[in-house]
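Reader: I should like to learn how to read packing and helix geometry from a set of coordinates. Please take me through one example.

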Amino acid sequence: MEIGPRKLTEIQHCLVSAGDVGCGVFECFENNSCEIRGLQEICMTFLHNAGKFDSQGKTFIKDALKCMAHGLRHKFSCISRKCVSIKEMVFQLQRECYIKHNLCSAAKENVGVMVEMIHFQDLFPKGPYVELVNILLGCGEEVKEALTRSVRLQCEQNWGALCDSLSLCSSLTPSPSGSAVEHRRPLPPHPPQPEHPRPLRNGDKGGKAAFRAHLHGRNQGLRRQGPDAGVVAEQEDLEATDIRR
């Protein structure tokens, strides 16, 4: 898919008229056939929360947004009209500007406000917000854990138990200590205890024959059920005894 000539012209005119300050440049990429959404929202969210950042965070917001606005204006006219090329240019520029102006340093000193800016519903479909989150996840354990906890909570609030089965939420969630499910090894098999038949009286031929028939039938049954049949039966009896206790 690619942007049509008319829409391409509109975006180019928009970029020329928009300044480097504010979110005008990012607004040019909204409502287009390539579905590049989120740049303007990120810009507005940064500006809205700028007062909550320390001086380093404020400097990052000003420089990073200016870097992206300047880059979009100059690079857009030099690339293909294909959506995949435009999206890659946007994401690459995003990474370059965030890293160049020390997003991680700003995030580490402003963890709370940075995490508050990330909303679960903005992560779908994949776009600039996801790119921002991916960079933040590499900004150290404190930022990663705070962001993971926030996204996980929002995921559960939106989708409930379904969130547990999603690889997205699982990958963002650090495993809490002690919560891992233990997979116990099966008990080693115990040899079946030999039976002690009551002693037979001398001359009790009928009793001996019956005993031999009993052993023969029992061995045949165990062979048909498999070599572990006696062990399984014994373990079931032990488990039942433990439950009663």
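Author: Let us begin with burial. A residue is buried under 20% relative accessible area, exposed over 50%, and partly exposed in between, with a 1.4 Å probe and protein chains only. This is a predicted model, in which local features need pLDDT of at least 70 and side-chain atom pairs count only at pLDDT 80 or more, while totals for chains, interfaces and linings use all residues. Residues are numbered from 1 along each chain as its sequence is written, and side-chain values use heavy atoms, with hydrogens and water left out.

Reader: Which residues of α5 are buried?

Author: Helices (H or I, at least four residues) and strands (E, at least two) are DSSP runs, numbered from the N terminus. In α5 the buried residues are Cys83, Ile86, Met89, Val90, Phe91, Leu93, Gln94, Cys97 and Tyr98. They pack against α3, α4 (55–75), α6 (103–109) and α8, where contact means heavy atoms within 4.5 Å.

Reader: What span should helix α5 have?

Author: The expected span is 1.5 Å times one less than the number of residues. Helix α5 (residues 83–100) has 18 residues and should span 26 Å; its end C-alpha atoms are 25 Å apart, which agrees. After α5 comes Asn102, with a positive phi near 60°.

Reader: At what angle do the axes of α3 and α8 cross?

Author: Axes are lines fitted to C-alpha atoms, for helices over the stretch in contact, and angles run from 0 to 180 degrees between N-to-C directions. Helix α3 (residues 39–48) and helix α8 (residues 128–136) have axes that come within 8 Å and cross at roughly 55°. Therefore α3 is oblique to α8; angles under 35 degrees count as roughly parallel, over 145 as roughly antiparallel, 65 to 115 as roughly perpendicular, and the rest as oblique. On α3 the contact is made by Leu39, Glu41, Ile42 and Thr45, and on α8 by Pro128, Tyr129 and Leu132.

Reader: Why does Gln40 count as buried?

Author: Gln40 counts as buried because its relative accessibility is 18%. This residue lies in helix α3 and touches Cys23, Phe26, Glu27 and Glu30, not counting residues up to four places away in sequence.

Reader: How many helices and strands does the chain have?

Author: The chain has twelve helices and zero strands. Of its 245 residues, 34% count as buried. Among contacts with a separation of 6 or more, 63% are accounted for by residues 24 or more positions apart.
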